[in-house]
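Here are my notes on the model you asked me to look through, arranged as numbered points. Please read them with the structure open beside you.

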Amino acid sequence: MQNDTVKSVSADVNFLSNRFPNYKIGANDSIVESKEGSDGPSLKEIVAHETAQLLEQQKRLSVRDLASKFEKGLAAAAKLSDEAKFRETASLDKQVLLKKLRDVLESLRGRVAGRNKDDVEEAISMVEALAVQLTQREGELLHEKSEVKKLASFLKQASEDAKRMVEEARAFAQAEIEKARASVQIVEQAFEEQENISRSSDKQDLDELMKEVQEARRIKMLHQPSKVMDMEHELQALRIQLAEKSKYSLQLRKELVMSKRLEEGDSKLCELDGDESLGSYLRIVPNVNTTLDISRCTIQWFRISAERSKRERISGATKSVYAPEPFDVGRYLQAEIVADGEKLLVTTTGPIEPAPGLGNYVEALVRKPDTEFNVVLQMNGVDHPSHSLHVFHVGKMRIKLRKGRITKAKEPYSSSMQLCGLRGGGNAAAQALFWQPKKGVSFTLAFESERERNAAIMLARRFAFDCNIMLAGPDDRAPLGT
């Protein structure tokens, strides 16, 4: 009866895999076979990978980026939780399907016999093994679900902590900004107060200064002109007295030297006549009792140091008249005269004295960038008309000679430039100088006074020294300290 009512199961049935097929229960309790998917990473591996990435990036992310990452991780955890729920539902469906399949196989085992019965029992054993595997899988899914829940709670807490840290950082930054604004406001107020105080004090000082200036002007209008004139007259009188006393002292010194020579029986054929000071000139004159003709003698002037240890030849000084220049101040002058094979030496009684007030005059001119002197010139030995006045400019960097708008010479200070007093030339030598701006070009310049001539020489040498140039005459060596 059983063989007639139940159809036999073919013995040639083969299972394609060692697990039971994956079925789902569809509408009207129909069994629908689901498509097999490709084996991918497990849920636990995905969660572990995401956690490792988050922990690795946590150190190099800012607070704001960390909060954003935590929110993304929380969303991913929620998605994984939903997938776990879906898998749990699918697992429950599989349990129901396996139970129904086992019941069908149990009912079928009672109806078949022989080899078909063995196949049914083998199928039941496979269903039971599959149920055991499914149970284990459900346990693993539950464990993964709990871990996902823990991770989700951890990420949620971390996200909240990150938000709290962002809020704290924002609040701290806002407080610092407020403090900075308050400090800036305090500083601005202090600056405004200081500016107001400075304005008021400056205005007060200006008013006081105006009062003092007005008072000074009143006093000057009442008294100053007469005082200045009195002081100038006194200075002029003192200068005249000093010059007279200097001449008188020099005359007494000469008389003393002459008296000593007469006592010693040493009478020289000639002597030096003139003031031994800057701004004058010295002349070789024969004694009254001699018939020496100076014009037929060979003459050479020398400078002798104050210690009388060194003698320096003055190149070009071969006339009977010589005007001392600034290099000669503080040193003796000596003239060597050769007459009829006999050599005579005449020396000043003392060192050349500086001109009174010349140093202060030069110091006043140094403060100016350019000083002009009116001169009459002789170029390369050719005289120019006396009415042809030129202007001699002595500047800090160069010297220039011009007539009107026409520039005769303009040269910067250099080692080839020469400037010194005129060596010879009669009574006018004290007012003239020799200037060679460059090789092959030379000028003889006559100034309006001895003071201007010596001031021009000292001023030009001062500016040249500032340019590391020693400005002197031919074959001159500057003494130390000049």
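**Notes on the predicted model**

1. The structure holds 18 salt bridges. The model is a predicted one, and the points below should be read with that in mind.

2. Glutamate 325 forms a salt bridge with arginine 303, in which the closest N and O atoms lie 3.8 Å apart. This pair links distant parts of the chain, since glutamate 325 sits in the loop between strand 7 and strand 8 while arginine 303 belongs to strand 5, 22 residues apart. Both glutamate 325 and arginine 303 are buried.

3. Arginine 303 also meets the side chain of aspartate 328 in a salt bridge, with an N to O distance of 2.2 Å. Aspartate 328 lies in the loop between strand 7 and strand 8 and arginine 303 in strand 5, so this pair ties together parts of the chain that are 25 residues apart in sequence. With a relative accessibility of 0%, aspartate 328 counts as buried, and arginine 303, at 1%, counts as buried too. A network of salt bridges links Arg303, Glu312, Glu325, Asp328, Arg331, Arg423 and Arg461.

4. Six of the seven residues of strand 5 (residues 298-304) are buried, so strand 5 is largely enclosed by the rest of the structure. Strand 5 runs antiparallel to strand 8 (residues 332-339), and seven bridges join the two; within this pairing, arginine 303 stands opposite leucine 333 of strand 8. Strand 5 also pairs with strand 6 (residues 311-313) in the antiparallel sense, over three bridges, and here phenylalanine 302 stands opposite arginine 313 of strand 6. Strand 5 and strand 6 form a hairpin with six residues between them, and arginine 308 in the turn has a positive phi of about 60°.

5. Strand 16 (residues 432-438) is likewise mostly covered, with six of its seven residues buried. Strand 15 (residues 418-421) and strand 16 run antiparallel and are joined by four bridges, and the bridge partner of cysteine 420 in strand 16 is phenylalanine 434. The hairpin of strand 16 and strand 17 has two residues between the strands, and glycine 440 takes a positive phi near 90° in it.

6. An open sheet is formed by three strands in the order 3-4-7, with antiparallel pairing. Strand 3 (270-273) and strand 7 (321-322) stand at its edges with a single partner strand each, so one side of each is left without a neighbour in the sheet. Strand 3 and strand 4 (residues 282-286) run antiparallel and are joined by four bridges, with cysteine 270 standing opposite proline 286 of strand 4.

7. Arginine 402 lies in strand 13 (residues 398-403) and glutamate 372 in strand 10 (residues 370-379), so the pair ties together parts that are 30 residues apart in sequence. Glutamate 372 is partly exposed, with a relative accessible area of 49%.

8. Turning to the helices, the buried residues of helix 6 (residues 358-366) are Leu358, Val362, Leu365 and Val366. They cover an arc of only 105° around the axis, which puts them on the same side of helix 6. In general, an α-helix has 3.6 residues a turn, so residues three or four places apart point the same way.

9. A nonpolar patch on the surface is formed by Leu206, Leu209, Met210 and Val213, which together have about 350 Å² of accessible area. Methionine 210 is found in helix 4 (residues 115-222) and is partly exposed, with a relative accessible area of 46%.

10. Threonine 51 has its place in helix 2 (residues 43-58) and is partly exposed, with a relative accessible area of 22%. The C-alpha atoms of threonine 51 and leucine 151 are separated by 8.3 Å, although these residues are 100 residues apart along the chain.

Note on methods. Residues numbered from 1 in each chain as written. Predicted model: local features only at pLDDT ≥ 70, side-chain atom pairs only at ≥ 80, totals over all residues. Heavy atoms only, no water. Buried < 20%, exposed > 50% of the residue type's maximum accessible area, 1.4 Å probe, protein only. Pairing = 2+ DSSP bridges. Patch = residues over 30% accessible without salt bridge, like charges linked within 9 Å, V, L, I, M, F, W, Y side chains within 5 Å. Areas by Shrake-Rupley, 256 points an atom, 1.4 Å probe, with all protein chains shown as cover. Salt bridge = Lys/Arg side-chain N within 4 Å of Asp/Glu carboxyl O. Arc of directions from axis to C-beta.
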